[in-house]
Amino acid sequence: MGSPEKNDNKGFFSAMTSGFSVFSNAMHRSVNGLLGYEGVEVINPEGGKEDAEEEAQRGRWKPEERDGYWKMMHKYIGSDITSMVTLPVIIFEPMTMLQKMAELMEYSYLLDQADTCEDPCMRMVYASSWAISVYFAYQRTWKPFNPILGETYEMANHGGITFLAEQVSHHPPMSAGHAENEHFTYDVTSKLKTKFLGNSVDVYPVGRTRVTLKKDAVVIDLVPPPTKVNNLIFGRTWIDSPGEMIMTNMTTGDKVVLYFQPCGWFGAGRYEVDGYVYNSAEEPKILMTGKWNESMSYQPCDLEGEPLPDTELLEVWHVADIPTNDKFDYTFFAHKLNSFDTAPRNLLASDSRLRPDRFALEMGDLSKSGTEKSSLEERQRAEKKIREAKEHKFAPRWFDLTEEVTSTPWGDLEIYHYNGKYTEYRTAIGNPDNIDHVDNKEIPFNPWQYVNLSTE
């Protein structure tokens, strides 16, 4: 697996260290030979097999589009570009960030297994493997659409799960999500922070993810590693997520620390994940190893982190079959997220599936997608001016802003909490006699025609 070398004093994985200095360990080549691009770095994960200028010409951009985009973007180097730049649809996939949040539910059966598991350390093996499983989908190099304020996404008909996400803030962009089935509840507040570096962008997940396993009321907290998008403009775009993932059982004190290896020279270490499950006394109990784009395995270990005698490495998760030659590198599950087969009856009109720009891109009409995207953005800006003129403050429908502020490695985060109104609403429309007992009785509304989500 390309794991660090053994340290005789501290065990098999002891050489693993955290640190963002390893963010760009792969082969770097400055495109100094291209007029006007001095200092632009092209990072080749295969280790520099091609000349830098040749590599820089690759990717999805046409030369004239790439050159024009570079002229527009280079002035933002060093900035957070999360919501300050209008991006062309050529780099988008037909999915919104809210739908991307739902991709974490593809392997939700691992959380079901964590809930029914009696061994507290194996419970963390299942839960952390669930957290890693989504990284196969996250390696896609297409950008999802930013949700507009008040946009929602609903998912049903998957593992008994009800999933709801809502865009709760526009500046800064923030999303909140809630999912639930008979085994677990999932709650997330997400606020991305970025740093544009010219031909790459660092993405910091300023968010809080909590999972509650119902059988024993166990609460698990997740802190994922940051991500780096390489060759954003020049060369073939690829993604790496070097750093630590930390998952903590806040009820028992058990913890998982998994180190995502940075991509090194000639692709060494790319995709690899190694780490331990620790008990509440901070003693290693189970080692975990694998690749986030393939599978994860585990093996009991001693206090030095060495595999126990007469035990073997067992696989706990493996990526599902995927379509071949898919245009956007979608999994079968990702296609379901755009399908109405995963939508509940009486879908909210604010759902991401109904976005005209997203739908046009899914149909392959880039021109219409770009026009619809610009129109939505203009109407959202106009709506903001109206709201400010009337001194109206936007209030999400399904999530409430709490007084809680939590610290993350990349900044403080305001927490939104699921308010239960969605459950009431779904119950009411299933029983029309109860509809008067639900707040916001005008739902569903159509934000894609009238972007006035907060001016009631």
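Which residues line the second largest cavity? The numbered points below take this up and then turn to other parts of the structure.

1. The model is a predicted one, in which local features need pLDDT of at least 70 and side-chain atom pairs count only at pLDDT 80 or more, while totals for chains, interfaces and linings use all residues. Residues are numbered from 1 along each chain as its sequence is written, and side-chain values use heavy atoms, with hydrogens and water left out.

2. The residues that line the second largest cavity are E103, E106, Y107, S133, V134, F136, A137, V319, A320, D321, I322 and T331. A cavity here is a set of points, on a 1 Å grid over the protein atoms alone, where a 1.4 Å probe fits but cannot get out, and lining residues have an atom within 4 Å of a point. The volume of this second largest cavity is about 70 Å³, where a volume is the space filled by probe spheres set on the points, and grid points are joined across faces, edges and corners. Its lining has seven nonpolar, two polar and three charged residues, with Ala, Val, Leu, Ile, Met, Phe, Trp, Tyr, Cys and Pro counted as nonpolar, Asp, Glu, Lys and Arg as charged, and the others, Gly among them, as polar.

3. The structure holds three cavities of 30 Å³ or more, and the largest cavity has a volume of about 1200 Å³. This largest cavity has 49 lining residues, and those that lie nearest its centre are M97, K100, P144, L192 and V203. Among the elements that each supply at least two residues of this lining are helix 3 (97–102), strand 8 (184–196), strand 9 (201–213) and strand 11 (227–230); helices (H or I, at least four residues) and strands (E, at least two) are DSSP runs, numbered from the N terminus. By class, the lining of the largest cavity consists of 30 nonpolar, 13 polar and six charged residues.

4. V206 is a residue of strand 9, and it is buried, with a relative accessible area of 3%. Buried means under 20% relative accessible area, exposed over 50%, and partly exposed in between (1.4 Å probe, protein chains only). Although V206 and K191 are 15 residues apart along the chain, their C-alpha atoms are separated by 5.1 Å.

5. How many disulfides does the structure hold? It holds zero, where a disulfide is a pair of cysteine sulfur atoms within 2.5 Å. C117 is in no disulfide, and its nearest cysteine sulfur, that of C121, is 9.3 Å away. The sulfur of C301 is 9.0 Å from the closest cysteine sulfur, in C121, which is too far for a bond. Both C117, at 12% relative accessibility, and C301, at 6%, count as buried.

6. Some backbone angles deserve a careful look. Most residues other than glycine have a negative phi, and most peptide bonds are trans. A cis peptide bond, with omega about 0°, joins H171 and P172, and P172 is placed in the loop between strand 6 (161–169) and strand 7 (174–180). Y271, which is not a glycine, has a positive phi of about 80°, lies in the loop between strand 14 (255–260) and strand 15 (272–278), and counts as buried at 18% relative accessibility. D310, also not a glycine, has a positive phi of about 65°, lies in the loop between strand 17 (295–300) and strand 18 (314–318), and is exposed, with a relative accessible area of 84%.

7. The count of aromatic pairs comes to 18, where rings of Phe, Tyr and Trp (its six-membered ring) pair if their centres lie within 6.5 Å, and planes under 30 degrees apart count as stacked, over 60 as edge-to-face and the rest as tilted. The rings of W142 and F328 have centres 5.0 Å apart and planes at 70°, so this pair is edge-to-face. The pair links distant parts of the chain, 186 residues apart, and W142 is buried at 17% relative accessibility, as is F328 at 8%. One aromatic cluster is formed by Y135, Y138, F260, Y271 and W292.

Methods:
On a 1 Å grid over the protein atoms alone, a cavity is a set of points where a 1.4 Å probe fits but cannot get out, and a pocket is an open set with protein on both sides within 12 Å along at least five of seven lines; lining residues have an atom within 4 Å of a point.
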